[in-house]
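Visitor: I would like to learn how to read the features of a protein model. Can you take me through one, step by step?

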Amino acid sequence: MSSAKVGVFTDEAPTLRPGVYTPAIIANGFVFTSGILGADPVTKHMVEGTVIDRFHQIMRNLTAVLKQAGSNLESVVEVTIFLTNILDADTLTPVYKSYWGTLKPARTCVAVKELPYSSDIELKCVAVLSNS
């Protein structure tokens, strides 16, 4: 396998600190995303509302990044979710499950003191490259 790595950028998902990180890296047949927040790609501001509203925006942003990389949600093999309130994990679970098929990705949910831009949720993942 090639040891080359390729950066993934798209205007369909916000990069809140350009030059500090790459939204995703393709390496050895995998896509590794940076942490994705629930920010609107146009305004670059966090979506108003609940943690669920921000999660839906995260999933739209994630879908855009994965598409640009040559992957998709069905090809995600691992997800890490960071929450400032671990009790939100119970609220989030039914909505989270609706995004995945029968075989859900491996998932880790971590409580953290705070997240960038005062967000209450952040998600990163690893996906395999796909044909769509």
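Guide: We will go from the core to the pairs, the surface and the loops. Keep in mind that this is a predicted model.

Visitor: Start inside. Which residues of the largest nonpolar core touch the most other members?

Guide: A core here is a set of buried nonpolar residues joined through side-chain atoms within 4.5 Å. In this structure the largest one has 30 residues. Those that touch the most other members are Phe55, Leu62, Leu66, Val79, Ile81, Ile121 and Leu123.

Visitor: Which elements give two or more residues to this core?

Guide: Three of them are strands: strand 2 (24-27), strand 4 and strand 6 (121-128). The others are helix 1 (51-69) and helix 2 (88-97). Helix 1 gives the most, with 10 residues.

Visitor: Now the rings. How many aromatic pairs does a search of the whole structure find?

Guide: Two rings pair if their centres lie within 6.5 Å. The search finds 4 such pairs. One of them joins Phe30 and Phe32, at 6.1 Å centre to centre. Their planes stand at 45°, and the pair is tilted. Tyr96 and Trp100 make another tilted pair, with 5.6 Å between centres and 55° between planes.

Visitor: Are Tyr96 and Trp100 buried or exposed?

Guide: Buried means under 20% relative accessible area. Tyr96 has 3%, so this residue is buried. Trp100 has 8%, so the tryptophan is buried as well. Both belong to one aromatic cluster, together with Phe55 and Tyr99.

Visitor: What sits over the ring of Tyr96?

Guide: The charged end of Arg107 does. The distance from the ring centre is 4.6 Å.

Visitor: Let us turn to charges. How many salt bridges does the structure hold?

Guide: Begin with the general idea. Opposite charges on side chains can pair when the charged atoms come close. This structure holds 1 salt bridge. Arg54 forms it with Asp120, and the closest N and O atoms are 2.8 Å apart. The pair links distant parts of the chain, 66 residues apart. Arg54 is in helix 1, while Asp120 is in the loop between strand 5 (106-111) and strand 6.

Visitor: How do I compare distance in sequence with distance in space? How far apart are Glu74 and Leu103?

Guide: Glu74 and Leu103 are 29 residues apart in sequence and 9.0 Å apart in space, C-alpha to C-alpha. Glu74 lies in the loop between helix 1 and strand 4. This glutamate is exposed, with a relative accessible area of 67%.

Visitor: What are the two separations for Trp100 and Lys113?

Guide: In sequence, Trp100 and Lys113 are 13 residues apart. In space, their C-alpha atoms are 28 Å apart. Trp100 sits in the loop between helix 2 and strand 5.

Visitor: Last, the backbone. What is phi of Tyr117, and what is phi of Ser118?

Guide: Phi of Tyr117 is near 60°, a positive value in a residue other than glycine. Ser118 also has a positive phi near 60°, and again the residue is not glycine. Tyr117 is in the loop between strand 5 and strand 6, and that loop holds Ser118 too.

Visitor: How accessible is Tyr117, and how accessible is Ser118?

Guide: Exposed means over 50% relative accessible area. Tyr117 reaches 44%, so the tyrosine counts as partly exposed. Ser118 reaches 74%, so the serine counts as exposed.

Definitions and conventions: Residues are numbered from 1 along each chain as its sequence is written. This is a predicted model: local features need pLDDT of at least 70, side-chain atom pairs count only at pLDDT 80 or more; totals for chains, interfaces and linings use all residues. Side-chain values use heavy atoms; hydrogens and water are left out. Rings of Phe, Tyr and Trp (its six-membered ring) pair if their centres lie within 6.5 Å; planes under 30 degrees apart count as stacked, over 60 as edge-to-face and the rest as tilted. Buried means under 20% relative accessible area, exposed over 50%, partly exposed in between (1.4 Å probe, protein chains only). A charge sits over a ring if NZ of Lys or CZ of Arg is within 6 Å of the ring centre and within 35 degrees of the ring normal. Helices (H or I, at least four residues) and strands (E, at least two) are DSSP runs, numbered from the N terminus. A salt bridge is a side-chain nitrogen of Lys or Arg within 4 Å of a carboxyl oxygen of Asp or Glu.
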